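I opened my notebook beside the model and jotted down what I looked up.

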Amino acid sequence: MKKVRIGIVGLGFMGTTHFRIYRKLGNAEIVAVSDVDPAKLAGDISKVVGNIGGEDNSKPLNLDGVKTYGAVADMLKDPSIDVIDICVPTPYHQKIAVEALKNGKNVFCEKPICRSLREVEELAVCARKSGKFFNVGMCIRAWPEYYHAQNLYKAGKLGRLRSAFFRRLSPDISGNSWNNWFMDGELSGGALLDLHLHDTDFIRYMFGRPTAVTSFGVSSVRSNGGTDHVITNYHFDNCLIVAEGGWCANKKVPFEMSFQMIFEKATVRLAGEGYKIYWESGEVESPQVGDSALPTGWHQELSYFVDCVEKNVTPEKYQNLDEIVDSFKIVMSEQESVDTGRTVTIKY
Ligand SMILES: NC(=O)c1ccc[n+]([C@@H]2O[C@H](COP(=O)([O-])OP(=O)(O)OC[C@H]3O[C@@H](n4cnc5c(N)ncnc54)[C@H](O)[C@@H]3O)[C@@H](O)[C@H]2O)c1
């Protein structure tokens with residue numbers, strides 16, 4: 001069997017996470033990596049830190065048989081690569097993604113897709129024209145508990161939504177990233193774009209398009225100029241949907257991602273007690289979701305993308321590009337709402 005040949009750009013937290021996942025997939029082979037940091041290209045990932053995952057980065061990455069490129073432009077021309085996986089800081093996504101597509105590569109690009117709406121729209125045009133496969137790492141769509149809940153809802157098993165909240169709270173991540181880029185609001189978009197986007201996007205995925213957003217936020221608590229904590233009310237008819245995200249807490253505080261969705265027929269929660277469905281009948285269910293070989297949304301989304309490239313099937317199980325563009329518009333409207341103190345109607 002011919003394996004799908006991968007080139008990873010950026011060997012920081014996300015790049016090394018993806019590296020380890022591909023290494024476990026039977027149908028993927030990492031043929032090349034690119035990074036501007038020579039230490040990473042020598043396998044030294046001792047300075048890489050992430051918010052979840054808990055991998056031991058003191059041991060070097062085994063790059064035997066993997067080509068290393070200091071200049072990404074050279075890697076994008078390498079004919080032995082089928083998929084370019086982009087794990088560099090957000091402001092560099094667009095240029096690399098566009099070049100990769102133009103070079104005939106399939107592209108898996110980490111979230112946020114880009115840093116500005118203009119870049120997103122240009123990239124979307126290029127991706128549609130290219131005829132290549134393009135997915136964005138909106139991993140919460142594929143995260144087992146979230147994916148299970150949205151499947152139940154879309155199958156009509158839960159009835160109408162009454163109210164929902166989503167929460168994503170990270171400890172302070174200053175000092176964790178390459179050149180501390182997350183803490184520069186211009187580069188990362190703050191917690192609002194970098195972290196909270198996951199819930200914005202999941203709400204778009206599960207419930208469709210909100211008409212407007214009302215957001216409150218606080219900036220420059222940990223970062224320089226970024227919105228570091230945000231709470232948003234998404235305007236939908238006849239229900240209340242709220243999401244909160246931030247990275248203001250100190251470094252000792254554990255990471256939290258949680259939700260509670262109250263439907264006509266059940267309340268679905270991912271919280272301290274785990275993932276549970278509290279049916280109105282009184283029954284409490286603890287669905288066994290996920291797969292020990294592919295335990296996270298990162299595993300699920302990458303393994304699915306590789307399978308699609310291998311079989312030449314369009315990867316649309318978890319996303320379509322229109323929705324990804326919508327999510328970006330929604331989150332940028334949230335930024336506008338924080339900045340202006342007004343409710344913002346979303347222009348789709
Ligand atoms: N899906 C998720 O859950 C998730 C989690 C964390 C980060 N991310 C996203 O992944 C991307 C990377 O974040 P990270 O946490 O891995 O950052 P990081 O700072 O840990 O790593 C960035 C890496 O990119 C390299 N790099 C910088 N500029 C480069 C360039 N021009 N060419 C090649 N390499 C370059 C750096 O040397 C570093 O190794 C970001 O867009 C981030 O938002 C997604």
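Which residues in α5 meet which residues in α11? I found L117, V120, A124, A127 and R128 on the α5 side, and L321, V325, F328, K329 and M332 on the α11 side. Contact here puts the C-beta atoms of two residues, placed from the backbone, within 7 Å.

Some ground rules for myself. This is a predicted model, where local features need pLDDT of at least 70, side-chain atom pairs count only at pLDDT 80 or more, and totals for chains, interfaces and linings use all residues. Residues are numbered from 1 along each chain as its sequence is written.

**Entry: α5 and α11.** I stayed with this pair. Helix α11 covers residues 321–340; helices (H or I, at least four residues) and strands (E, at least two) are DSSP runs, numbered from the N terminus. The two pack at an angle of about 180°, with axes 11 Å apart. That makes α5 roughly antiparallel to α11. Axes are lines fitted to C-alpha atoms, for helices over the stretch in contact, and angles run from 0 to 180 degrees between N-to-C directions. Angles under 35 degrees count as roughly parallel, over 145 as roughly antiparallel, 65 to 115 as roughly perpendicular and the rest as oblique. I sorted the contact residues into eight nonpolar, no polar and two charged. In this scheme Ala, Val, Leu, Ile, Met, Phe, Trp, Tyr, Cys and Pro are nonpolar, Asp, Glu, Lys and Arg are charged, and the others, Gly among them, are polar.

**Entry: α4 and α5.** Helix α4 (residues 93–102) packs with α5 at about 15°, the axes 10 Å apart. That makes α4 roughly parallel to α5. From α4 I noted Q94, A97, V98 and L101, and from α5 E119, L123, C126, A127 and S130. This contact divides into six nonpolar, two polar and one charged.

**Entry: α1 and α10.** The axes of α1 and helix α10 (residues 297–311) come within 10 Å and cross at roughly 60°. That makes α1 oblique to α10. T17, H18, I21 and Y22 of α1 make the contact with W298, H299 and L302 of α10. I counted four nonpolar, three polar and no charged residues there.

**Entry: the ligand.** I looked around the ligand next and found 27 residues surrounding it, the closest being G10, G12, M14, S177 and W178. A residue is near if its C-beta atom, placed from the backbone, lies within 6 Å. Helix α1 (residues 13–24) gives the most to this shell, with three residues. By class, the shell has 14 nonpolar, seven polar and six charged residues. Each of domain 1 and domain 2 supplies at least three residues to the shell.

**Entry: the domains.** Domain 1 is 4–136 and domain 2 is 140–297 + 326–345; such bounds come from an automatic or database domain assignment. Their C-alpha centres lie 25 Å apart. I found 13 residues of domain 1 in contact with 16 residues of domain 2. The domain 1 side has eight nonpolar, three polar and two charged residues.

Entry: The peptide bond from K111 to P112 is cis, with omega near -20°. P112 sits in the loop between β5 (106–109) and α5 (117–130). N179, in the loop between β7 (161–171) and α7 (185–188), has phi near 55°, a positive value in a residue other than glycine.
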